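Hello,

Here is the structure for you to look through. My notes follow below it.

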Amino acid sequence: MVGMKPSDLAPTATVKFFGAGMAGCIADLVTFPLDTAKVRLQIQGEARAVEGVVAVQYRGVFGTITTMVRTEGARSLYNGLVAGLQRQMSFASVRIGLYDSMKQFYTKGSPENASIVVRLMAGCTTGAMAVAFAQPTDVVKVRFQAQGPLTDGGKRYNGTMDAYRTIAREEGVRGLWKGCLPNITRNAIVNCAELVTYDIIKELILKYDLMTDNLPCHFTAAFGAGFCTTIVASPVDVVKTRFMNSTPSQYTSAINCALTMMTKEGPAAFYKGFTPSFLRLGSWNIVMFVSYEQIKRAMTRAQQSWESPI
């Protein structure tokens, strides 16, 4: 990322890799209820009857959270958290932690001269790579977040590992990679909008001396990145969530899912859950990037002290 002073020790690729995973987990812990509310709002209105599931109507992000707490308990807001943390350690580490390394690869060792095209290419590449590693964790996370109370009081899955096993047994190993194509599309878009926007906003702030490379600068750049990402990625995100949570015969493909949404619910369906998406992505970006910058600096200082003991 931009903003490194000449006197600073540049963080290594390893520091960025693990720092991004840790920052992603911190951001998920803080914003997970908003993500769960977003998923519930996105799947609401699906033209299907799920056997044994109690129909619940959600109205707005805070109304959704209130309804879930009242009908399912506060713990329901963190359904799928374990899979979510697994996802961040394997997902954020790749898509965020390797972003600078990919810029360096495309510029043949001169990332400070990276053009907008190179940044977009780097974002698309790491976003697609991350999906290849983390797709099963994303499928399980969405399934847990989407599941409501069953009429017999039971649960769709008894735990994270049971979910992996059940999906693989009932839908085949391919079931764990369900929605991989729309997820690659979504994360290529999200990664470009998120990382490139953050990079550019931060670079401009520092270039024109509006702020120094500190927390307010990171906050401002992260907020802008979250807003831009939500506008660009919401349609793909809704299709991804619907397709991942669908029964095996409900949609023939992600494209079929999108066409079904368009014909049955109209264009507005692609922006269902926009408010929680923005609240979640905006707050997630702020927590993640601020944490990431601080973790990178702390890990780099620790590495420097180990290599140069007093």
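Start with helix 5: 22 of its 31 residues are buried (under 20% relative accessible area, with a 1.4 Å probe and protein chains only; exposed is over 50%, partly exposed in between). That is why helix 5 is largely enclosed by the rest of the structure. Helices here are DSSP runs of H or I, at least four residues, numbered from the N terminus; strands are runs of E, at least two.

A caution: this is a predicted model, in which local features need pLDDT of at least 70, side-chain atom pairs count only at pLDDT 80 or more, and totals for chains, interfaces and linings use all residues. Residues are numbered from 1 along each chain as its sequence is written, and side-chain values use heavy atoms, without hydrogens and water.

Back to helix 5, residues 116–146.

Isoleucine 116 belongs to helix 5. Isoleucine 116 is partly exposed, at 43% relative accessible area.

Now the whole chain. There are ten helices and zero strands. Of the 310 residues, 52% count as buried. The C-alpha trace spans about 65 × 40 × 35 Å along its principal axes.

Best wishes
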